[in-house]
Amino acid sequence: MYEKKKFGWTIKGILGMVYMPMGAFFLVLGVLINHFNSWSDELEQRIFLYVFGGLGLVFFLVGGGLLWADVRRRALLRRAYEGGYSVMLPITAVKVQKNVHTNGRSPSIAECRYTDPATGAEHVYRSRYLYGQEAEQLQGQQVPVYIDRMGDDSVGFVDVDAVLRNAGR
């Protein structure tokens, strides 16, 4: 059987995990304050509800959408990995992600290109974030890329851990 892989959260999922509960909190709080407070003017009551509850609803929906997108991405990667169809692909590029910083360093990603022999379409698959010397070890290596043949073939899990493990990491 396959080893347990971690497919990681992206910034979309993390933002969804923050925005969704925050939006639910403001939405519920706005409705409760509106319901239990005695307002002198009905216009003030509506403005408060629309602004406070409406903003909470927007945050809730945006957070839910972002969280759903990342959960779906993770499920597609898991399905591709568990499907077992892998292709050995060379790493065509190792790119530094300058927009992401962790402890003052930017991670790298390994990029693989695959041309489907049946359709001639080219697909680009990217690995998880790689820190430190990991990216340098992968330069010029071939990695297994698990492709989802039953669903969307543009979804592929680049298993850099298999190469790093064999390199004596």
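The legends below describe close-up views of a predicted model. Residues are numbered from 1 along each chain as its sequence is written, and side-chain values use heavy atoms, with hydrogens and water left out. Local features need pLDDT of at least 70 and side-chain atom pairs count only at pLDDT 80 or more, while totals for chains, interfaces and linings use all residues.

**View 1. The open sheet has five strands in the order β3-β2-β1-β4-β5, with antiparallel pairing.** Strands (E, at least two residues) and helices (H or I, at least four residues) are DSSP runs, numbered from the N terminus. Two strands pair if DSSP finds at least two bridges between them. β3 and β5 are the edge strands, each pairing on one side only. On average, neighbouring strands of this sheet are turned by 40° against each other, direction ignored. In a regular strand the side chains alternate between the two faces of the sheet.

**View 2. Strand β1 (residues 86-96) is joined to β4 and to β2.** Five bridges link β1 to β4 (residues 142-147), and these two strands run antiparallel. Ser86 has Tyr146 as its bridge partner in β4. With β2 (residues 108-115), β1 pairs in the antiparallel sense, also over five bridges. Here Ile91 has Cys112 of β2 as its bridge partner.

**View 3. β2 pairs with β3 in the antiparallel sense.** Five bridges make up this pairing. Cys112 has Tyr125 as its bridge partner in β3, and Cys112 is also the partner in β2 of Ile91.

**View 4. Helices α1 and α2 pack at an angle of about 155°.** Their axes lie 6 Å apart. Axes are lines fitted to C-alpha atoms, for helices over the stretch in contact, and angles run from 0 to 180 degrees between N-to-C directions. α1 and α2 are therefore roughly antiparallel to each other; angles under 35 degrees count as roughly parallel, over 145 as roughly antiparallel, 65 to 115 as roughly perpendicular and the rest as oblique. The crossing of α1 and α2 is left-handed, that is, the near helix is turned anticlockwise from the far one by less than a right angle. The contact of α1 with α2 has 20 nonpolar, ten polar and two charged residues. Ala, Val, Leu, Ile, Met, Phe, Trp, Tyr, Cys and Pro count as nonpolar, Asp, Glu, Lys and Arg as charged, and the others, Gly among them, as polar.

**View 5. The largest pocket holds about 840 Å³ of space.** On a 1 Å grid over the protein atoms alone, a pocket is an open set of points with protein on both sides within 12 Å along at least five of seven lines, and a cavity is a set where a 1.4 Å probe fits but cannot get out; lining residues have an atom within 4 Å of a point. Grid points are joined across faces, edges and corners, and a volume is the space filled by probe spheres set on the points. Of the 25 residues lining the largest pocket, Thr10, Arg73, Arg126, Ser127 and Arg128 lie nearest its centre. α2 (42-83) is among the elements that each supply at least two lining residues, and α2 gives the most, with four.

**View 6. The largest cavity has a volume of about 50 Å³.** Lys5, Lys6, Arg128, Phe157, Val158, Val160 and Asp161 line this cavity. β5 and α4 (160-166) each supply at least two of the lining residues.
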